[in-house]
Amino acid sequence: SRRFFCCGRRSARRGCSRATRPMAAMPARKLKLLLCALSACSCSCTVEEAESPLVWAGDDACLGDGSGEDGACALSAMQLRGRRVPLADEPQDDVEASAVMVPAVPMARRWSAKVSITAQFEGVKQPSTGDFVYDSDTGMYRFSHELPGSGKSDTLCANIGGYHSFVTLGDGATATCIPSGFLTLSNPFDWLSNASSSGSTTINGTECDLWSVEAQDGGFDSTGVSGFCGLPDFERATVCIAHDGVPRRAVFKDAYGMQTEWLFHDVVAERAVSDFALTPACVDKLALQCPFEGIVSMDLYRVHGAGAPHDPSNRNAADAPAALELLCGDSGAALQAADGGSEITHWSLRANSSWGIYRKCYYKGGRNLCEGFGRSLGRQAVDDAGDPTGGQCSENNGSWYTVPREGECDEGAAIGTDGCTWGDAQRLQTIDAVCLRSHVCGIFGVSGQKAEALAAFRRAFTSGECPASS
(Lines give C-alpha, C1' and ligand atoms only; values in the text may rest on other atoms or scores of the structure.)
Protein backbone atom coordinates (compact mmCIF):
# COMPACT_ATOMS: atom_id res chain seq x y z
CA SER A 1 0.00 0.00 0.00
CA ARG A 2 1.12 3.56 -0.68
CA ARG A 3 1.55 5.81 2.35
CA PHE A 4 1.68 9.59 2.00
CA PHE A 5 3.33 11.76 4.61
CA CYS A 6 3.31 15.50 5.11
CA CYS A 7 6.00 16.54 7.57
CA GLY A 8 5.77 20.31 7.47
CA ARG A 9 7.83 22.77 9.45
CA ARG A 10 5.24 23.16 12.23
CA SER A 11 3.42 19.86 11.81
CA ALA A 12 6.74 17.99 12.18
CA ARG A 13 6.88 19.03 15.81
CA ARG A 14 3.58 17.27 16.41
CA GLY A 15 4.14 14.23 14.23
CA CYS A 16 3.27 13.28 10.68
CA SER A 17 -0.07 13.85 9.03
CA ARG A 18 -1.55 11.85 6.20
CA ALA A 19 -2.18 13.73 2.99
CA THR A 20 -4.46 12.66 0.18
CA ARG A 21 -2.78 13.91 -2.99
CA PRO A 22 0.62 12.52 -4.10
CA MET A 23 2.79 14.87 -6.20
CA ALA A 24 5.62 12.66 -7.49
CA ALA A 25 7.80 9.70 -6.63
CA MET A 26 10.90 10.32 -4.58
CA PRO A 27 14.02 8.24 -5.33
CA ALA A 28 15.53 6.17 -2.54
CA ARG A 29 18.68 8.28 -2.51
CA LYS A 30 16.55 11.16 -1.21
CA LEU A 31 15.49 9.15 1.84
CA LYS A 32 17.63 11.32 4.10
CA LEU A 33 15.62 14.35 3.01
CA LEU A 34 12.48 12.99 4.61
CA LEU A 35 11.42 14.97 7.61
CA CYS A 36 9.88 11.69 8.72
CA ALA A 37 13.41 10.56 9.56
CA LEU A 38 13.72 13.25 12.21
CA SER A 39 13.21 12.21 15.80
CA ALA A 40 10.70 15.06 16.12
CA CYS A 41 8.43 13.30 13.68
CA SER A 42 6.64 10.22 14.91
CA CYS A 43 6.14 8.27 11.69
CA SER A 44 8.56 5.74 10.24
CA CYS A 45 9.83 5.37 6.71
CA THR A 46 11.56 2.55 4.89
CA VAL A 47 13.50 2.46 1.64
CA GLU A 48 10.53 0.74 -0.02
CA GLU A 49 8.19 3.48 1.17
CA ALA A 50 10.60 6.12 -0.10
CA GLU A 51 9.80 4.97 -3.63
CA SER A 52 6.13 5.78 -3.08
CA PRO A 53 4.66 9.15 -4.11
CA LEU A 54 4.98 11.70 -1.33
CA VAL A 55 3.39 15.02 -0.53
CA TRP A 56 5.55 17.60 1.21
CA ALA A 57 4.27 20.83 2.75
CA GLY A 58 5.92 23.81 4.36
CA ASP A 59 3.36 24.33 7.15
CA ASP A 60 -0.10 23.30 8.33
CA ALA A 61 -1.82 25.49 5.76
CA CYS A 62 -0.52 23.17 3.08
CA LEU A 63 -2.56 20.30 4.46
CA GLY A 64 -5.96 21.90 3.99
CA ASP A 65 -8.29 19.45 2.31
CA GLY A 66 -5.46 17.74 0.48
CA SER A 67 -6.27 19.41 -2.84
CA GLY A 68 -2.89 21.12 -3.04
CA GLU A 69 -4.30 23.91 -5.20
CA ASP A 70 -2.86 26.79 -3.15
CA GLY A 71 0.02 28.29 -5.16
CA ALA A 72 2.29 29.12 -2.22
CA CYS A 73 1.69 25.68 -0.78
CA ALA A 74 2.47 24.00 -4.09
CA LEU A 75 5.71 25.95 -4.42
CA SER A 76 6.74 25.04 -0.88
CA ALA A 77 5.83 21.41 -1.45
CA MET A 78 7.81 21.18 -4.67
CA GLN A 79 10.86 22.71 -3.07
CA LEU A 80 10.65 20.43 -0.06
CA ARG A 81 10.77 17.38 -2.28
CA GLY A 82 13.77 18.73 -4.13
CA ARG A 83 12.22 20.44 -7.15
CA ARG A 84 11.66 24.03 -8.13
CA VAL A 85 8.78 25.55 -10.07
CA PRO A 86 10.26 26.36 -13.51
CA LEU A 87 10.38 29.84 -14.96
CA ALA A 88 7.87 30.53 -17.70
CA ASP A 89 10.48 30.27 -20.47
CA GLU A 90 12.59 27.52 -18.88
CA PRO A 91 12.77 24.08 -20.53
CA GLN A 92 11.02 21.49 -18.37
CA ASP A 93 13.93 19.06 -18.57
CA ASP A 94 16.19 21.59 -16.87
CA VAL A 95 14.05 21.89 -13.75
CA GLU A 96 15.44 18.87 -11.94
CA ALA A 97 19.03 19.91 -12.66
CA SER A 98 18.46 23.31 -11.07
CA ALA A 99 16.58 22.04 -8.06
CA VAL A 100 16.40 24.11 -4.91
CA MET A 101 15.96 21.92 -1.85
CA VAL A 102 14.97 22.63 1.71
CA PRO A 103 17.29 20.69 4.05
CA ALA A 104 15.85 17.96 6.26
CA VAL A 105 16.60 19.80 9.49
CA PRO A 106 14.38 22.29 11.34
CA MET A 107 15.55 25.44 9.53
CA ALA A 108 13.52 28.63 9.21
CA ARG A 109 12.36 29.25 5.67
CA ARG A 110 12.98 33.01 5.62
CA TRP A 111 15.46 35.00 7.68
CA SER A 112 18.24 37.56 7.58
CA ALA A 113 21.18 38.26 9.85
CA LYS A 114 24.44 40.11 10.25
CA VAL A 115 27.42 37.84 9.72
CA SER A 116 31.02 37.98 10.91
CA ILE A 117 33.38 35.82 8.87
CA THR A 118 36.89 34.64 9.65
CA ALA A 119 38.86 32.76 7.00
CA GLN A 120 41.99 31.05 8.29
CA PHE A 121 44.79 29.34 6.36
CA GLU A 122 48.19 28.29 7.71
CA GLY A 123 47.72 30.48 10.77
CA VAL A 124 46.79 33.63 8.82
CA LYS A 125 43.32 35.01 9.59
CA GLN A 126 41.26 37.25 7.31
CA PRO A 127 38.15 38.78 8.93
CA SER A 128 35.18 40.40 7.19
CA THR A 129 31.66 41.46 8.11
CA GLY A 130 28.42 41.58 6.17
CA ASP A 131 24.79 40.58 5.78
CA PHE A 132 23.10 37.33 4.82
CA VAL A 133 19.49 37.05 3.59
CA TYR A 134 17.84 33.67 2.98
CA ASP A 135 14.49 32.64 1.49
CA SER A 136 13.96 28.95 0.76
CA ASP A 137 10.47 29.56 -0.69
CA THR A 138 11.84 31.47 -3.67
CA GLY A 139 15.26 29.81 -3.76
CA MET A 140 17.00 33.16 -3.34
CA TYR A 141 19.72 34.24 -0.97
CA ARG A 142 22.16 37.12 -0.75
CA PHE A 143 25.54 37.59 0.86
CA SER A 144 27.07 41.06 1.09
CA HIS A 145 30.31 41.77 2.89
CA GLU A 146 33.26 44.11 3.06
CA LEU A 147 36.81 42.80 3.19
CA PRO A 148 39.32 45.18 4.80
CA GLY A 149 41.44 46.72 2.08
CA SER A 150 39.46 45.07 -0.74
CA GLY A 151 36.16 46.95 -0.73
CA LYS A 152 32.59 45.73 -0.99
CA SER A 153 31.36 42.48 -2.50
CA ASP A 154 27.72 41.55 -3.03
CA THR A 155 26.55 38.13 -4.22
CA LEU A 156 22.89 37.63 -5.13
CA CYS A 157 21.88 34.03 -5.83
CA ALA A 158 18.61 33.89 -7.75
CA ASN A 159 17.11 32.64 -11.00
CA ILE A 160 16.75 35.89 -12.96
CA GLY A 161 16.82 36.11 -16.73
CA GLY A 162 18.73 32.88 -17.26
CA TYR A 163 21.37 33.66 -14.65
CA HIS A 164 21.85 32.07 -11.24
CA SER A 165 24.23 34.47 -9.52
CA PHE A 166 25.14 38.14 -9.67
CA VAL A 167 28.41 39.27 -8.08
CA THR A 168 28.93 43.01 -7.68
CA LEU A 169 32.43 44.19 -6.80
CA GLY A 170 32.95 47.73 -5.55
CA ASP A 171 30.41 50.48 -5.07
CA GLY A 172 28.98 53.43 -6.95
CA ALA A 173 30.00 54.36 -10.49
CA THR A 174 33.05 52.06 -10.47
CA ALA A 175 31.16 48.93 -9.38
CA THR A 176 31.44 45.89 -11.65
CA CYS A 177 28.75 43.24 -12.03
CA ILE A 178 29.58 39.63 -12.95
CA PRO A 179 26.43 37.63 -13.76
CA SER A 180 26.72 33.86 -14.13
CA GLY A 181 24.47 30.98 -15.02
CA PHE A 182 27.15 28.32 -15.34
CA LEU A 183 26.68 26.62 -11.96
CA THR A 184 23.36 25.12 -10.95
CA LEU A 185 21.69 27.28 -8.32
CA SER A 186 21.70 25.38 -5.04
CA ASN A 187 20.25 26.09 -1.65
CA PRO A 188 23.32 27.06 0.43
CA PHE A 189 22.20 24.64 3.11
CA ASP A 190 21.40 21.72 0.79
CA TRP A 191 24.21 19.74 2.35
CA LEU A 192 22.26 19.50 5.61
CA SER A 193 20.18 16.78 3.95
CA ASN A 194 23.24 14.55 4.53
CA ALA A 195 24.12 15.95 7.95
CA SER A 196 24.06 14.08 11.26
CA SER A 197 23.12 15.47 14.64
CA SER A 198 26.24 16.04 16.73
CA GLY A 199 24.96 17.45 19.99
CA SER A 200 24.22 20.99 21.08
CA THR A 201 26.06 24.05 22.32
CA THR A 202 25.61 27.75 23.08
CA ILE A 203 26.75 30.48 20.69
CA ASN A 204 26.84 34.03 22.09
CA GLY A 205 24.22 33.12 24.69
CA THR A 206 21.89 31.30 22.27
CA GLU A 207 21.35 27.55 22.54
CA CYS A 208 21.55 25.67 19.26
CA ASP A 209 21.76 22.14 17.85
CA LEU A 210 24.86 20.98 15.97
CA TRP A 211 24.66 19.32 12.53
CA SER A 212 27.76 17.98 10.74
CA VAL A 213 28.61 16.50 7.36
CA GLU A 214 31.79 15.11 5.81
CA ALA A 215 32.33 14.25 2.16
CA GLN A 216 32.95 10.58 1.51
CA ASP A 217 36.27 9.53 -0.09
CA GLY A 218 37.55 13.08 0.21
CA GLY A 219 35.45 14.27 -2.71
CA PHE A 220 33.02 17.17 -3.03
CA ASP A 221 30.64 15.41 -5.39
CA SER A 222 29.65 12.71 -2.92
CA THR A 223 27.65 15.22 -0.90
CA GLY A 224 27.15 17.85 -3.56
CA VAL A 225 28.77 20.58 -1.52
CA SER A 226 30.92 22.17 -4.21
CA GLY A 227 30.08 25.28 -6.16
CA PHE A 228 27.40 26.86 -4.00
CA CYS A 229 26.72 30.43 -4.99
CA GLY A 230 28.13 32.68 -2.26
CA LEU A 231 29.53 29.97 0.01
CA PRO A 232 32.98 28.37 0.12
CA ASP A 233 33.67 24.89 -1.20
CA PHE A 234 34.30 22.43 1.58
CA GLU A 235 34.85 18.82 2.58
CA ARG A 236 33.64 19.10 6.15
CA ALA A 237 31.07 21.43 7.66
CA THR A 238 29.27 22.00 10.94
CA VAL A 239 26.35 24.31 11.55
CA CYS A 240 24.62 25.21 14.82
CA ILE A 241 20.89 25.93 14.36
CA ALA A 242 18.97 27.68 17.13
CA HIS A 243 15.43 26.82 18.18
CA ASP A 244 14.08 29.59 15.92
CA GLY A 245 15.49 27.68 12.94
CA VAL A 246 18.23 30.21 12.15
CA PRO A 247 21.93 29.25 12.17
CA ARG A 248 24.15 31.00 14.70
CA ARG A 249 27.46 29.51 13.57
CA ALA A 250 28.76 27.60 10.54
CA VAL A 251 32.29 26.26 10.00
CA PHE A 252 33.56 25.05 6.62
CA LYS A 253 36.86 23.20 6.06
CA ASP A 254 38.24 22.39 2.64
CA ALA A 255 40.73 19.77 1.48
CA TYR A 256 43.65 22.24 1.55
CA GLY A 257 43.41 23.30 5.18
CA MET A 258 41.34 26.47 4.72
CA GLN A 259 38.77 27.00 7.49
CA THR A 260 35.99 29.58 7.24
CA GLU A 261 33.81 30.43 10.23
CA TRP A 262 30.52 32.31 9.89
CA LEU A 263 28.90 33.80 13.03
CA PHE A 264 25.30 35.00 12.57
CA HIS A 265 23.81 37.63 14.87
CA ASP A 266 21.09 40.33 14.92
CA VAL A 267 18.69 37.81 13.42
CA VAL A 268 15.43 38.94 11.76
CA ALA A 269 12.86 36.24 11.10
CA GLU A 270 11.42 37.75 7.91
CA ARG A 271 12.84 39.71 4.98
CA ALA A 272 11.64 42.30 2.45
CA VAL A 273 11.29 41.70 -1.30
CA SER A 274 13.74 44.57 -1.86
CA ASP A 275 16.43 42.46 -0.17
CA PHE A 276 16.77 40.60 -3.48
CA ALA A 277 16.85 43.53 -5.90
CA LEU A 278 19.63 43.62 -8.49
CA THR A 279 22.34 46.17 -7.80
CA PRO A 280 22.45 49.23 -10.11
CA ALA A 281 25.67 47.86 -11.61
CA CYS A 282 23.92 44.61 -12.56
CA VAL A 283 20.89 46.42 -13.97
CA ASP A 284 23.21 48.51 -16.15
CA LYS A 285 25.26 45.46 -17.15
CA LEU A 286 22.29 43.44 -18.34
CA ALA A 287 20.74 46.39 -20.18
CA LEU A 288 23.90 47.59 -21.97
CA GLN A 289 23.80 47.38 -25.77
CA CYS A 290 26.67 48.83 -27.80
CA PRO A 291 25.96 51.46 -30.48
CA PHE A 292 25.36 50.06 -33.95
CA GLU A 293 28.41 50.51 -36.17
CA GLY A 294 27.32 48.51 -39.17
CA ILE A 295 27.39 44.87 -40.22
CA VAL A 296 30.89 43.45 -39.76
CA SER A 297 32.71 40.42 -41.15
CA MET A 298 34.36 38.37 -38.43
CA ASP A 299 36.98 35.63 -38.11
CA LEU A 300 36.40 33.56 -34.98
CA TYR A 301 38.21 30.56 -33.52
CA ARG A 302 37.19 27.84 -31.11
CA VAL A 303 39.17 25.06 -29.36
CA HIS A 304 37.12 21.86 -29.03
CA GLY A 305 37.40 18.11 -28.73
CA ALA A 306 37.99 15.99 -31.81
CA GLY A 307 34.71 14.88 -33.35
CA ALA A 308 32.64 17.69 -31.84
CA PRO A 309 29.81 18.93 -34.09
CA HIS A 310 30.82 21.76 -36.39
CA ASP A 311 28.23 24.33 -35.31
CA PRO A 312 29.13 27.82 -34.05
CA SER A 313 25.78 28.54 -32.40
CA ASN A 314 25.39 28.58 -28.61
CA ARG A 315 29.15 28.49 -28.24
CA ASN A 316 31.88 30.85 -27.15
CA ALA A 317 34.54 31.84 -29.64
CA ALA A 318 37.48 34.25 -29.83
CA ASP A 319 39.12 36.52 -32.36
CA ALA A 320 42.70 35.71 -33.36
CA PRO A 321 44.51 37.65 -30.56
CA ALA A 322 42.22 36.18 -27.90
CA ALA A 323 42.49 32.67 -29.36
CA LEU A 324 46.27 32.93 -29.29
CA GLU A 325 46.10 34.00 -25.66
CA LEU A 326 43.82 31.07 -24.83
CA LEU A 327 45.93 28.55 -26.72
CA CYS A 328 49.29 29.54 -25.27
CA GLY A 329 48.34 30.87 -21.84
CA ASP A 330 47.34 29.01 -18.71
CA SER A 331 43.63 28.70 -19.53
CA GLY A 332 41.57 25.55 -19.57
CA ALA A 333 41.61 25.65 -23.39
CA ALA A 334 45.42 25.61 -23.35
CA LEU A 335 45.48 22.63 -21.01
CA GLN A 336 42.89 20.86 -23.16
CA ALA A 337 44.96 21.47 -26.31
CA ALA A 338 48.20 20.37 -24.64
CA ASP A 339 46.68 17.02 -23.68
CA GLY A 340 46.10 16.06 -27.30
CA GLY A 341 42.94 15.01 -29.10
CA SER A 342 41.81 18.63 -29.42
CA GLU A 343 41.22 20.71 -32.51
CA ILE A 344 40.74 24.37 -33.30
CA THR A 345 38.28 25.59 -35.92
CA HIS A 346 38.38 28.84 -37.88
CA TRP A 347 34.96 30.30 -38.66
CA SER A 348 33.91 33.31 -40.69
CA LEU A 349 30.54 35.01 -40.26
CA ARG A 350 28.80 38.37 -40.52
CA ALA A 351 27.19 40.07 -37.54
CA ASN A 352 25.43 43.15 -36.22
CA SER A 353 28.08 45.14 -34.32
CA SER A 354 25.69 46.27 -31.58
CA TRP A 355 27.30 43.90 -29.10
CA GLY A 356 25.48 42.56 -26.05
CA ILE A 357 26.79 41.19 -22.78
CA TYR A 358 29.27 38.29 -23.01
CA ARG A 359 27.62 35.07 -21.85
CA LYS A 360 29.24 31.73 -21.07
CA CYS A 361 28.04 28.73 -23.04
CA TYR A 362 28.35 25.11 -21.99
CA TYR A 363 27.23 21.59 -22.84
CA LYS A 364 24.43 20.20 -20.68
CA GLY A 365 21.83 17.51 -21.10
CA GLY A 366 22.90 16.66 -24.65
CA ARG A 367 22.82 20.21 -25.99
CA ASN A 368 24.70 23.48 -25.94
CA LEU A 369 23.24 26.28 -23.82
CA CYS A 370 24.28 29.85 -23.06
CA GLU A 371 23.54 31.56 -19.77
CA GLY A 372 21.34 34.63 -19.84
CA PHE A 373 19.28 35.64 -22.83
CA GLY A 374 19.36 37.83 -25.93
CA ARG A 375 19.96 37.70 -29.68
CA SER A 376 23.03 39.94 -29.89
CA LEU A 377 26.53 38.53 -30.07
CA GLY A 378 28.09 38.97 -26.66
CA ARG A 379 31.55 40.50 -26.37
CA GLN A 380 34.21 40.83 -23.66
CA ALA A 381 37.85 41.86 -23.64
CA VAL A 382 40.57 39.34 -22.81
CA ASP A 383 41.96 42.00 -20.48
CA ASP A 384 39.30 44.50 -19.47
CA ALA A 385 41.85 46.71 -17.68
CA GLY A 386 39.31 47.66 -15.01
CA ASP A 387 36.56 48.59 -17.49
CA PRO A 388 33.22 48.07 -15.62
CA THR A 389 31.63 46.91 -18.91
CA GLY A 390 34.34 44.28 -19.44
CA GLY A 391 35.37 45.75 -22.79
CA GLN A 392 31.95 45.10 -24.30
CA CYS A 393 32.01 48.21 -26.49
CA SER A 394 35.68 49.23 -26.49
CA GLU A 395 38.69 48.66 -28.71
CA ASN A 396 40.32 45.52 -27.32
CA ASN A 397 43.58 43.64 -27.62
CA GLY A 398 41.61 40.47 -28.16
CA SER A 399 37.94 39.69 -27.50
CA TRP A 400 35.79 36.72 -26.53
CA TYR A 401 32.36 36.32 -28.09
CA THR A 402 29.05 34.62 -27.42
CA VAL A 403 27.29 33.33 -30.54
CA PRO A 404 23.65 32.78 -29.46
CA ARG A 405 21.43 30.41 -31.40
CA GLU A 406 18.41 32.67 -30.96
CA GLY A 407 20.18 35.39 -32.98
CA GLU A 408 21.02 33.23 -36.03
CA CYS A 409 19.49 34.35 -39.32
CA ASP A 410 17.70 31.87 -41.55
CA GLU A 411 19.71 30.73 -44.53
CA GLY A 412 19.76 33.45 -47.15
CA ALA A 413 18.12 36.05 -44.89
CA ALA A 414 19.73 39.46 -44.46
CA ILE A 415 21.02 40.33 -41.01
CA GLY A 416 18.28 42.22 -39.22
CA THR A 417 15.46 40.14 -40.69
CA ASP A 418 13.01 39.37 -37.89
CA GLY A 419 15.60 40.69 -35.44
CA CYS A 420 18.37 38.19 -36.32
CA THR A 421 21.91 39.37 -35.56
CA TRP A 422 24.34 37.04 -37.35
CA GLY A 423 24.59 34.66 -40.26
CA ASP A 424 26.55 33.48 -43.31
CA ALA A 425 28.69 31.28 -41.02
CA GLN A 426 31.30 29.20 -42.82
CA ARG A 427 33.76 26.72 -41.38
CA LEU A 428 37.01 27.55 -43.14
CA GLN A 429 39.42 25.07 -41.56
CA THR A 430 39.84 22.74 -38.59
CA ILE A 431 43.37 21.74 -37.56
CA ASP A 432 45.13 19.84 -34.79
CA ALA A 433 45.50 22.04 -31.70
CA VAL A 434 48.69 20.38 -30.41
CA CYS A 435 50.41 21.02 -33.72
CA LEU A 436 49.28 24.64 -33.71
CA ARG A 437 50.65 25.12 -30.21
CA SER A 438 54.02 23.78 -31.30
CA HIS A 439 54.18 26.35 -34.12
CA VAL A 440 53.08 29.47 -32.27
CA CYS A 441 53.43 29.20 -28.48
CA GLY A 442 57.24 29.29 -28.49
CA ILE A 443 57.12 32.60 -30.35
CA PHE A 444 54.27 33.88 -28.18
CA GLY A 445 56.36 33.33 -25.06
CA VAL A 446 59.14 35.63 -26.28
CA SER A 447 58.82 39.21 -25.09
CA GLY A 448 57.87 41.58 -27.89
CA GLN A 449 57.05 38.78 -30.35
CA LYS A 450 53.26 38.67 -30.10
CA ALA A 451 52.79 40.17 -33.58
CA GLU A 452 54.99 37.45 -35.07
CA ALA A 453 53.12 34.78 -33.08
CA LEU A 454 49.80 36.16 -34.33
CA ALA A 455 51.00 36.00 -37.94
CA ALA A 456 52.15 32.39 -37.44
CA PHE A 457 48.79 31.56 -35.87
CA ARG A 458 46.82 32.84 -38.87
CA ARG A 459 49.22 31.26 -41.36
CA ALA A 460 48.86 27.79 -39.84
CA PHE A 461 45.26 27.51 -41.05
CA THR A 462 46.24 27.83 -44.71
CA SER A 463 49.85 26.62 -44.93
CA GLY A 464 49.19 22.91 -44.41
CA GLU A 465 51.74 22.82 -41.57
CA CYS A 466 49.22 21.16 -39.26
CA PRO A 467 46.93 18.20 -40.02
CA ALA A 468 43.44 19.23 -41.06
CA SER A 469 40.22 17.59 -39.97
CA SER A 470 37.28 16.91 -42.27
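Is the crossing of α6 and α7 left-handed or right-handed? The crossing is right-handed, and the views below start with this pair of helices. Please keep in mind that this is a predicted model.

**View 1. Helices α6 and α7 cross with their axes within 8 Å.** Two packed helices are described by the angle between their axes and the distance between the axes. Here, helix α6 covers residues 433–444 and helix α7 covers residues 450–459, and their axes cross at roughly 170 degrees. An angle over 145 degrees counts as roughly antiparallel, and α6 and α7 are therefore roughly antiparallel to each other.

**View 2. Side by side, α6 and α7 meet through residues from each helix.** From α6, look for Leu436, His439, Val440, Ile443 and Phe444. Their partners in α7 are Lys450, Glu452, Ala453, Ala456 and Phe457. Sorted by class, this contact of α6 with α7 is made of seven nonpolar residues, one polar residue and two charged residues.

**View 3. Cys177 and Cys282 are joined by a disulfide.** How many disulfides does a search of the whole structure find? The search finds seven, and the link of Cys177 to Cys282 is shown here, with an S to S distance of 2.1 Å. Cys177 sits in strand β10 (residues 176–180) and Cys282 in helix α3 (residues 280–287), so this pair ties together parts that are 105 residues apart in sequence. The link of Cys177 and Cys282 is right-handed, with 90 degrees about the S-S bond. Both Cys177 and Cys282 are buried.

**View 4. A disulfide connects Cys208 with Cys240.** The sulfur atoms of Cys208 and Cys240 are 2.0 Å apart. Cys208 belongs to strand β12 (residues 206–214) and Cys240 to strand β13 (residues 236–242), and the pair links distant parts of the chain, 32 residues apart. About the S-S bond, the link of Cys208 and Cys240 has 95 degrees and is right-handed. Are these two cysteines, Cys208 and Cys240, buried or exposed? Both are buried.

**View 5. Cys409 and Cys420 form a disulfide.** Their sulfur atoms lie 2.0 Å apart. Where are the two cysteines, Cys409 and Cys420, found? Cys409 and Cys420 each lie in the loop between β23 (399–403) and β24 (422–432), so the pair ties together parts that are 11 residues apart in sequence. With 90 degrees about the S-S bond, the Cys409 and Cys420 link is right-handed. Buried means under 20% relative accessible area. Cys409, at 8%, is therefore buried, and Cys420, at 7%, counts as buried.

Definitions and conventions
Residues are numbered from 1 along each chain as its sequence is written. This is a predicted model: local features need pLDDT of at least 70, side-chain atom pairs count only at pLDDT 80 or more; totals for chains, interfaces and linings use all residues. Side-chain values use heavy atoms; hydrogens and water are left out. Axes are lines fitted to C-alpha atoms, for helices over the stretch in contact, and angles run from 0 to 180 degrees between N-to-C directions. Helices (H or I, at least four residues) and strands (E, at least two) are DSSP runs, numbered from the N terminus. Angles under 35 degrees count as roughly parallel, over 145 as roughly antiparallel, 65 to 115 as roughly perpendicular and the rest as oblique. A crossing is left-handed if the near helix is turned anticlockwise from the far one by less than a right angle, and right-handed if clockwise. Contact means heavy atoms within 4.5 Å. Ala, Val, Leu, Ile, Met, Phe, Trp, Tyr, Cys and Pro count as nonpolar, Asp, Glu, Lys and Arg as charged, and the others, Gly among them, as polar. A disulfide is a pair of cysteine sulfur atoms within 2.5 Å. Buried means under 20% relative accessible area, exposed over 50%, partly exposed in between (1.4 Å probe, protein chains only).
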